[in-house]
Amino acid sequence: MNLVLIGVNHKSAPLEVRERLAIPAARLEEATLSLLSVPCVREGMILSTCNRVEFLTYQEPAQADLLEFIRNYFAVDTDALRPYIYEYRASEVVRHLFRVASSLDSLVIGEPQILGQVKGSYTVARSIGGVNNNLDPLMQRAFTVARKVRNQTSIGVSSVSIASVAVDLARKIFGSLQGKTILLMGAGKMGELAARSLMHQGAGKIYLCNRTDERAAELAEKFSSCPHAAGQSSATASPVAQAIPYASLHQVAATADIIVSSTGSEQPIFLRRDAELYMHRRKQRPMFFIDIAVPRDVDPEINGVEGVFVYNIDDLQAVAISNLSNRAKEALDAEAIVRAEVERYTRRMHSLDGVPSIVALQESLEEVRQNELRRMTSRLSHLTSEELHAVEQMTRSLVHKLQHAPIQAIKRAAQEGDRETLATIQSVFDLEHRAKDAEDAPITEKAKTSAPLPARAASESIESAFVPTPDATRPASSGTDSAPKSISEKEDCLP
Amino acid sequence: MTMYLIWLRVALVLYGVASLTVIPDVLTGHDRWRKFVHPVCVSAFYFHLVALVEMMRLAHHWVPASLHEVETSFALLLTITFLAIYWRYRAISFGMFVLPVIFLLLLLPAAHPDHAPVSNQWMHNGWILLHIALLLVAYTLLLFSLLASLLYLIQERRLKSKQIGGIFSHLPPLDTIDQIAFRTLVIGLPCMTLGLLAGSLIAQESVGAAYFLDPKVLLSIGMWVLYVLMLYVRRHTGLRGKRAVYLSSLVFLMALTVWVANQFSTVHRFAAP
């Protein structure tokens with residue numbers, strides 16, 4: 001595995017270093033092309049996010065000077081950067097990539113954006129031919145591992161930001177937020193963010209209130225121009241975001257399911273008697289107060305009113321921290337999954353080394369069989385079509401039986417990483433050139449049914465070559481109805 | 001051994017498995033457990049249904065009269081309600097409480113056949129069947145309403161005390177639990193009303209006006225009045241939380257008293273051997 005990855009991330013380098021190497025999305029394609037132009041780099045991909053910049057390459061031989069590339073491309077002094085740059089090779093690359101895609105290497109463990117970012121980089125690299133036979137299976141596997149980690153652990157379940165914790169709590173109270181009414185009190189940034197998150201979850205209406213009515217109207221304008229709000233406003237008669245005068249605050253508050261407050265008021269705005277009055281008017285339907293203001297806008301006594309739930313900034317932060325520590329616990333399970341997957345993938349990579357030799361052997365023997373049949377055509381001309389078919393089957397069966405032992409030996413040697421035995425088998429059967437050709441050609445192309453007969457037969461057999469069969473000597477399936485599968489698809493079936 | 005015992009035992013084992021696996025499902029919220037619990041419950045339901053049909057067919061009547069028959073029928077209604085709530089609200093938490101109850105209810109009927117089969121002229125009366133079936137449904141829904149009120153209380157306390165993690169962190173949202181508590185009551189009311197009416201009609205025909213002085217009958221009417229009152233209060237004042245639990249508990253206690261009153265009733269003892 002000539003895999004090499006170098007890069008910097010939030011752990012290895014400060015922001016000043018990361019920003020010097022950051023590549024904007026618009027320049028990713030061009031940067032990847034530059035990476036591919038580095039001598040010895042056969043395949044390459046660049047992952048650039050706010051927390052990391054990484055250069056993943058498949059090299060042949062593994063001698064490319066990626067630091068030189070960084071120096072030239074970014075026009076930076078790599079000697080100064082060297083302490084911040086990490087380099088991984090072979091199975092270390094696999095492990096790192098699996099961890100990154102699974103969000104185990106992220107600043108906030110379990111955050112879901114990283115997988116999308118990796119997929120974005122992969123798509124760009126693939127579109128310009130930077131990802132092929134060697135990196136493609138690796139990336140596909142990384143995506144599978146990331147999904148597995150997300151499905152089998154609770155790493156991404158709990159929220160870790162104030163806004164998302166507020167949304168989670170609202171969901172625990174109201175279930176769906178569809179059609180719920182929000183009152184945003186004050187113009188604090190955090191409050192606005194929380195209210196926006198709630199609106200994104202489908203809340204039906206938002207009232208905005210401020211001591212200065214102009215500011216409330218401004219905010220209402222901002223919310224109305226939001227995509228989520230605009231979509232709803234066209235469907236309903238009343239506006240989604242509505243500024244209300246401060247004087248009518250308590251009247252409107254009674255109709256709101258969720259109140260987000262973040263004013264600079266020195267005194268509480270919502271008192272216990274207000275909440276009791278709201279609840280009476282609401283016929284005890286639950287209310288949720290999100291108090292993000294310091295000093296607090298909501299009298300903590302309100303939490304004592306039945307059906308009313310008050311969370312202040314400390315409460316929300318405590319939930320976020322608790323969720324974060326839960327994620328750290330889940331990360332242990334996730335690491336175990338990644339470890340097992342790295343081992344599995346590495347083993348598979350070794351076994352794939354035998355594929356070109358097997359293809360070459362099958363092609364070679366099939367060619368001999370075809371030549372012999374062609375040579376005997378005139379002598380067999382008196383045979384009926386059934387008899388000719390029987391001869392065809394017999395020769396095919398003979399070839400399969402003859403190639404069984406060497407194929408097993410190749411598989412064994414490949415699985416054990418025994419390159420010497422592989423070379424000996426190639427030498428005995430005179431397969432060196434063919435194996436080299438097979439290595440260069442994409443496996444999926446070989447499997448196409450439009451290929452010439454020897455190659456097609458070989459590709460049919462290659463699919464079964466790594467799948468244990470109860471009777472390895474049986475002739476390869478002659479059915480070509482089903483679409484040929486690429487090696488990456490077959491890998492999922494391998495132990 | 002009769003076939004229904006085999007099916008009932010299979011159902012019992014499946015309910016046992018579901019009772020155990022629903023615990024990590026509720027506590028961890030992992031999908032992998034749910035994928036297991038749900039099919040096990042559905043399978044248990046099928047075996048349970050087959051066993052009940054076979055049991056009643058062997059008894060040559062469709063009125064659940066003996067203890068085994070009532071227990072098996074009531075357990076089946078609990079399963080149906082649990083599955084219906086799960087399909088409608090994805091609320092698996094009820095399983096943690098209901099599945100062990102179903103398991104316990106089936107223990108006796110699955111252990112051995114009924115030694116004291118009931119048989120009298122009422123066993124083939126359609127009104128009796130309606131009376132018993134509707135009241136069993138009403139009791140089942142009442143039990144679920146009580147359970148939902150308790151879960152509401154637990155969830156409310158957790159949210160109030162800001163203890164979001166730990167056990168019960170995957171309970172359904174408050175609003176969902178409230179809907180379950182209220183809707184089960186609403187659906188239960190016509191069942192209870194019609195069940196009692198059917199019983200009254202039979203009593204009027206067989207015993208006459210004296211039937212209505214029986215303690216069991218009086219308690220039943222009291223239970224119905226309390227039930228309607230509870231529904232009215234919940235609907236018009238939006239009663240939730242601990243007061244809703246108290247009220248539901250009171251009605252449920254009344255229902256249990258009505259059940260126990262069978263022993264003291266002089267006219268409502270048709271099922272006695």
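Chain A holds 21 helices and ten strands, where helices (H or I, at least four residues) and strands (E, at least two) are DSSP runs numbered from the N terminus. This is a predicted model, in which local features need pLDDT of at least 70 and side-chain atom pairs count only at pLDDT 80 or more, while totals for chains, interfaces and linings use all residues. Residues are numbered from 1 along each chain as its sequence is written, with chains lettered from A and ligands numbered from 1 in the order in which they are written.

Of the 495 residues in chain A, 41% are buried, a word that applies if 20 or more other C-beta atoms, placed from the backbone, lie within 10 Å of a residue's own. Buried residues can form a nonpolar core, a set of buried Ala, Val, Leu, Ile, Met, Phe, Trp, Tyr and Cys residues joined through C-beta atoms within 7 Å. The largest such core has 131 residues, of which Ile206(A), Leu208(A) and Phe289(A) touch the most other members. Its largest share, 17 residues, comes from helix 5 of chain B. A second, separate core has 49 residues, including Phe98(A) and Leu115(A).

Where do the chains meet? In all, 15 residues of chain B are in contact with 19 residues of chain A, contact being counted if C-beta atoms placed from the backbone lie within 7 Å. On the side of chain B that touches chain A, helix 5 (126–161) and helix 6 (174–206) of chain B each give two or more residues, and helix 6 of chain B provides the largest share, three residues.

Conventions
Contact = placed C-beta atoms within 7 Å. Buried ≥ 20, exposed ≤ 12 C-beta atoms within 10 Å, placed from the backbone.
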